[in-house]
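Me: I'm new to reading protein models. Could you walk me through this one, feature by feature?

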Amino acid sequence: ACRQAMITLCLSACKNGPFGGKPWHELLTYETRKNVRIKDPCIAILRLLLLTCFIVYVCVWRLYFGHAFDKREQLVGTIQTSLQRPSLLPRTDQLSYCSEG
């Protein structure tokens with residue numbers, strides 16, 4: 001019974017193909033939301049009011065009055081990078097962590 005079920009499963013997989021019987025172009029499709037235009041003046045006014053409040057909060061309150069652009073933090077550390085190879089690089093056989101043993 002188990003062997004017959006395995007044979008049936010293998011035959012159905014071979015018959016349906018590697019993509020489960022779906023054409024390959026269906027694997028490359030996706031769904032999107034539908035764009036809807038709402039023509040309600042109350043909602044439009046509310047949206048504009050909320051956008052205005054957000055812009056005033058960020059631009060005026062946080063940046064201008066709060067000086068959020070000028071906040072200083074305590075220095076934790078520094079990083080130095082270079083695109084040139086260091087001139088005083090020791091050979092690998094001189095480094096203890098490069099030796100075997």
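Reply: Cysteine 59 has 44% relative accessibility, so it counts as partly exposed. Cysteine 42 counts as exposed because its value is 60%. This is a predicted model, where local features need pLDDT of at least 70, side-chain atom pairs count only at pLDDT 80 or more, and totals for chains, interfaces and linings use all residues. Residues are numbered from 1 along each chain as its sequence is written, and side-chain values use heavy atoms, leaving out hydrogens and water.

Me: What is pLDDT, and what is its mean here?

Reply: pLDDT is the predictor's confidence in each residue, from 0 to 100. The protein's mean is 75, and 69% of its residues reach 70 or more.

Me: How many helices and strands are there?

Reply: Helices (H or I, at least four residues) and strands (E, at least two) are DSSP runs, numbered from the N terminus. This protein has three helices and zero strands, giving the pattern α-α-α along the sequence.

Me: Where is the kink in H3 centred?

Reply: A bend at a residue is the angle between axes fitted to the seven residues ending there and the seven starting there. In H3 the kink is about 30° and centres on tyrosine 57. After H3 comes histidine 67, with a positive phi near 50°.

Me: How many disulfides are there?

Reply: A disulfide is a covalent bond between the sulfur atoms of two cysteines. The test is a pair of cysteine sulfur atoms within 2.5 Å, and the count here is zero.

Me: Is tryptophan 61 buried or exposed?

Reply: Tryptophan 61 lies in helix H3 (residues 41–65), and it counts as exposed because its relative accessibility is 54%.

Me: How much of the protein is buried?

Reply: Buried residues make up 1% of the 101 residues.

Technical notes:
Buried means under 20% relative accessible area, exposed over 50%, partly exposed in between (1.4 Å probe, protein chains only).
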